[in-house]
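Please keep the sequence and the model at hand while reading.

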Amino acid sequence: MMDPLPAKLFFRHLDVLLPAITVVVNCAMANGMPSACKSSIIRPLLKKKGSNPDDQTNYRPISILPYTAKIIEKVVMQRLSNHLETHSMLNPLQSAYRPSHSCETALALVLNHLSLAMDEKKIAVLALFDLSAAFDTVDHCLMGTFLKEVGVHEQAHSWLLDYLTHRDQTVVIDGTLSSSSPIQFGVPQGSVLGPVLFSIYLHGIQKVFQDFGLHHVLYAYDVQVVAIGEPEKLNEILTSIQECARRLQNWLSNRYLKMNEEKTEVLIVASSRILKNASLPTEISICGTNVKVSQHVRDLGVIIDNSLTFHPHIHRLCSSSSFTSTWSLETFTAFSS
């Protein structure tokens, strides 16, 4: 299926096409998303370069949707986002898919928690949780319930449920198309509206962490949890992380979401002196899986080490820079400061 209205054609002849597109959008808003806009082509893309192409779990199913569908979705998303922001319906610590929030705001908040803990001569545990195929397992019936919880009712509620249902997809690999298959679960990856709906699907997740007195930061389906305490209470801090992880796993299971324990990472952060004197475990059990306690983790593209020196991150930047041969670590550190 080729897009009958490619983006290049739309912008090249905007003055001619805009009135017709306006009519299409208004009809879609009144009568629901056109069926032709609910069909998508899936081009599987490897999540990471160099990963095994024979392992299907290494692929991300990005939906290629008609450009007209994305225009309609953009109009709906703006209205839905305005409602959610005006009535403070979204988790304030969700940093994705909303105005004035980004990957940088999520990282800044995490690093602020860790830095304050070090300033107060305390120890912090950062746990990074990842969800498996989160967008693909969204249950539409549950989504209808959560839409009502955030104040979406009547015509808007019906429109969004209609948008999610009666969809189909075709997979293309090396130019060969599969037969069309119905989509019974999930929100379309690659769509404009899908990510916002997924944020609604996580409505109420903050209570899991609040019950344990832990800090949390969300970026899409990446969940970051920070526990802080006195160095001598490290075992208690780790226990709170373990219990919180079990509660989180149950919470996710009730929404047909699954935590990917194999991608869970744990980092213990403190000053060099505290780390030297503390008895640090090499691994801890998270939901039945032994997770290694690392000396540094990669969080949203930034490598955070256990003393917040950022030396591993600087090393990585130097190695990928064209100035690697002339810039030493000390020079780069002085320049960046």
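## Basis and overall accounting

Accessible areas here come from the Shrake-Rupley method with a 1.4 Å probe, and for residues only the protein chains shown count as cover. On that basis the protein chain exposes about 17900 Å², of which carbon and sulfur atoms supply 55%. The model is a predicted one, in which local features need pLDDT of at least 70 and side-chain atom pairs count only at pLDDT 80 or more, whereas totals for chains, interfaces and linings use all residues. Residues are numbered from 1 along each chain as its sequence is written, and side-chain values use heavy atoms, with hydrogens and water left out.

The C-alpha trace of the protein chain spans about 70 × 50 × 40 Å along its principal axes, and the secondary structure comes to 12 helices and 13 strands, where helices (H or I, at least four residues) and strands (E, at least two) are DSSP runs numbered from the N terminus. Of the 337 residues, 43% count as buried, a term that means under 20% relative accessible area, with exposed meaning over 50% and partly exposed lying in between (1.4 Å probe, protein chains only). Among the contacts with a separation of 6 or more, 70% are made by residues 24 or more positions apart, contact meaning heavy atoms within 4.5 Å.

## Helix H7 and its surroundings

Helix H7 covers residues 194-201, and because eight of its eight residues are buried, H7 is largely enclosed by the rest of the structure. Its buried residues, which include Pro195, Phe198 and Tyr201, pack against H3, helix H5 (140-149), helix H6 (154-164) and helix H9 (234-253).

With H3, the packing angle is about 30° and the axes are 10 Å apart; axes are lines fitted to C-alpha atoms, for helices over the stretch in contact, and angles run from 0 to 180 degrees between N-to-C directions. H3 and H7 are therefore roughly parallel to each other, given that angles under 35 degrees count as roughly parallel, over 145 as roughly antiparallel, 65 to 115 as roughly perpendicular and the rest as oblique. By class, the contact has six nonpolar, two polar and one charged residues, where Ala, Val, Leu, Ile, Met, Phe, Trp, Tyr, Cys and Pro count as nonpolar, Asp, Glu, Lys and Arg as charged, and the others, Gly among them, as polar.

## Helices H2 and H3

The axes of helix H2 (residues 14-31) and H3 come within 10 Å and cross at roughly 60°, and H2 and H3 are therefore oblique to each other. H2 passes H3 in a right-handed crossing. The contact is made by Ile21, Val24, Val25, Ala28 and Met29 on the H2 side and by Thr68, Ile71, Ile72, Val75, Val76 and Arg79 on the H3 side, a set that divides into nine nonpolar, one polar and one charged.

## Two loop residues with positive phi

Ser88, a residue other than glycine, has a positive phi near 50° and lies in the loop between helix H3 (67-86) and helix H4 (103-119). Ser88 is exposed, with a relative accessible area of 60%.

Leu308 likewise is not a glycine, yet its phi is positive at about 55°. Its place is in the loop between strand E13 (302-305) and helix H11 (311-319), where Leu308 is buried, with a relative accessible area of 16%.

Definitions and conventions. Left-handed = near helix turned anticlockwise from the far one by under 90°.
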